[in-house]
Number of protein chains: 2
Amino acid sequence: MERKVLVEVSARHVHLSPKDLATLFGEGYELTVKKPLSQPGQYAANERVTVVGPRKEIANISILGPVRKETQVELSLTDARSIGVLAPVKESGDIKGSAPCKIVGPKGEVLIPEGVIIAKRHIHLTPATALEFGLKDKQVVQVKLDNGDRSLIFGDVVIRVRADFANAMHIDTDEGNAAGLNGDVFGTILS
Amino acid sequence: MERKVLVEVSARHVHLSPKDLATLFGEGYELTVKKPLSQPGQYAANERVTVVGPRKEIANISILGPVRKETQVELSLTDARSIGVLAPVKESGDIKGSAPCKIVGPKGEVLIPEGVIIAKRHIHLTPATALEFGLKDKQVVQVKLDNGDRSLIFGDVVIRVRADFANAMHIDTDEGNAAGLNGDVFGTILS
C-alpha cells in the first residue's frame, strides 16, 4: 500500500497566550477568523503582529487561533537568521529553552523570554489513518516528495496521532522551497 | 567506498557582465577581491548591489567575480518570492527564459530581461575524483545529509566535472536550512 499524505507549507506565524493577546491588542480583545486551516478548529486570524529580533524585524506576521496556553513564534531558519535569533528546531508546544524575541501589536508589545522555534517537520494523522498506515504517535519516518526538478526525501519526520487531527504533513517555507513546491502536493511515507 | 563531498551553502549573489559592471560601477571599474571561493579563480568581491523586483528589493547582495559573459542573479526561492519574481530552477549559465529584474549599483542601474535563477543543486568534481567515484559529467545523483534533527536526501543533484574545479557540492540557503546546516558538513553521494 502506498502511504500518501497531503503536504502543507506553513508560513511564519505566531500563537498567542490570552495574556499576550490582551497586551498586544487590548483587554478583552478576541481574534477574528480570516480562514480556517486544515486542522479542525484552527484558523488564520485577520490580526497581525511584528516580530523583532536583535538584527531586524519582520512585520505583518499572521496569528493562528485560537489562543494557546503559551505564546509561540514559528519562523523558518531563513527568517530566524535574518532577524538575528538563534532558534532551535523543536516540536510545536515544546518551547523550553527556545529563543527570545519582542512581539509588537497595535496596543502594546511583549518581550517573550522563550518561544521562538523552527517547527520540526511532522505529520498529523487521525487514529484511523495511523492504523491503516501501520504508524504510531511519535514514530519518526521518511517522506519522499517528487515535484519536478527538486525531488527529495525528508528524514526526521515525526508522526503525531490525535482524534481531532486531519491528515496532513507540515513543513516550513525553507523546506517547501528546497523541494520546489508550489501549491498542494502529496508526499509518500517511506519508512 | 563511501563517496563523501564537502557541502557549501551559496548565499544569494550576482555575476556581472563587463558591460553591466561598467554601467553599475563606472567605465573601467574593476571588482576587488574580498575572499577567494572554493572554486579556483572565483572570489567574493567587496562590491555589492541591490536587486529590485516588482514587490520588493534586496540590498547589499554580494557580487562574485571575475566578470562573466552574461549577468546572472542567483536567489533562493524564499528571496525570489519575497521580491515578487518567478524564477526557474536552472543550472548556472543556463539563463534562457529565466526571470527579469533591475540591478542597482552606485553609478547606475540595469534592467536585465532575463538572468534571475534559482541555482539547481550540483556537485563540482575534478576528473580524478569523478573517476574514483565512478561518476560522469551531467549525471544526476542523490546526496544524503545527516546533520542532527533535519536529515534529508537531496535528489536531482547534477554532477559537473572539469579540470579547474575543486570538489564541492553547492546548495542554496533554503536547501541548507531545510537540512539544518550550520557551517561545513560532508554529504554522502548515494546513487
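This is a predicted model: local features need pLDDT of at least 70, side-chain atom pairs count only at pLDDT 80 or more; totals for chains, interfaces and linings use all residues.
Two copies of a chain are related by a rotation about an axis and a shift along it. Here, chain B is superposed on chain A by a rotation of 180°. The shift along the axis is 0.0 Å, and the RMSD is 0.0 Å. This is therefore the relation of a two-fold axis. Both copies use the same surface for the contact. Of the contact residues of chain B, 100% recur in chain A.

The largest nonpolar core holds 42 residues. The members that touch the most others are A:I123, A:M169, B:I123 and B:M169. The surroundings of B:I123 were examined beyond four places in sequence. The residues touched there include B:V5, B:V141, B:V143, B:V157, B:V158 and B:I159. B:A168, B:M169 and B:I189 are also touched by B:I123, as is B:R160.

The phi angle of B:D156 is positive, at about 55°, although the residue is not a glycine. B:D156 is buried, yet it has no salt bridge. The nearest side chain of opposite charge belongs to B:K120, 5.0 Å away.

Backbone nitrogens of chain A approach the side chain of B:D156 instead. That of A:S151 lies 2.8 Å from a polar atom of the B:D156 side chain. For the backbone nitrogen of A:R150, the corresponding distance is 3.4 Å. Contacts of B:D156 extend to both chains. In chain A, they involve A:G148, A:D149, A:R150 and A:S151. In chain B, they involve B:K120, B:R121, B:V140 and B:V141, with residues up to four places away in sequence left out.

Helix α1 of chain B covers residues 18–25. Its buried residues are B:D20, B:L21, B:A22, B:L24 and B:F25. These buried residues pack against four strands of chain B: β4 (43–52), β5 (57–65), β8 (99–104) and β9 (109–119). Just after the helix, B:G26 takes a positive phi of about 110°.

A positive phi also occurs at B:K138, which is not a glycine. The angle is about 80°. B:K138 lies in the loop between α3 (127–133) and β11 (140–145) of chain B. The residue is exposed, with a relative accessible area of 64%.

In chain A, the bond from A:G65 to A:P66 is cis, with omega near 0°. A:P66 lies in the loop between β5 (57–65) and β6 (72–74) of chain A. In chain B, a cis peptide bond joins B:G65 and B:P66, with omega about 0°. B:P66 is placed in the loop between β5 and β6 (72–74) of chain B.

Side chains of opposite charge can pair when their charged atoms come close. The count over all chains is 18 salt bridges. One of them joins A:D79 and A:R12, with the closest N and O atoms 2.9 Å apart. A:D79 lies in helix α2 (residues 77–83) of chain A, and A:R12 in the loop between β1 (4–10) and β2 (13–15) of chain A. The pair therefore ties together parts that are 67 residues apart in sequence. A:D79 counts as buried, at 5% relative accessibility. A:R12 is partly exposed, with a relative accessible area of 34%.

A salt bridge also links A:K102 and A:E109, at 3.5 Å between the closest N and O atoms. A:K102 is partly exposed, with a relative accessible area of 28%. A:E109 is likewise partly exposed, at 45% relative accessibility. In chain B, the side chains of B:D164 and B:R162 meet in a salt bridge of 2.8 Å, N to O. B:D164 is partly exposed at 41% relative accessible area, and B:R162 is partly exposed at 44%. Finally, a network of salt bridges links A:R121, A:D172, A:E175 and B:R150.

Methods: Residues are numbered from 1 along each chain as its sequence is written. Chains are lettered from A and ligands numbered from 1 in the order in which they are written. Side-chain values use heavy atoms; hydrogens and water are left out. Copies are superposed by least squares on the C-alpha atoms of residues with pLDDT of at least 70 in both. Contact means heavy atoms within 4.5 Å. A nonpolar core is a set of buried Ala, Val, Leu, Ile, Met, Phe, Trp, Tyr and Cys residues joined through side-chain atoms within 4.5 Å. Buried means under 20% relative accessible area, exposed over 50%, partly exposed in between (1.4 Å probe, protein chains only). Lys and Arg count as positive and Asp and Glu as negative; His and the chain ends are not counted. A salt bridge is a side-chain nitrogen of Lys or Arg within 4 Å of a carboxyl oxygen of Asp or Glu. A polar contact is a pair of N or O atoms within 3.5 Å; within protein, one must be able to donate a hydrogen and the other to accept it, and residues adjacent in sequence count only if both atoms are side-chain atoms. Helices (H or I, at least four residues) and strands (E, at least two) are DSSP runs, numbered from the N terminus.
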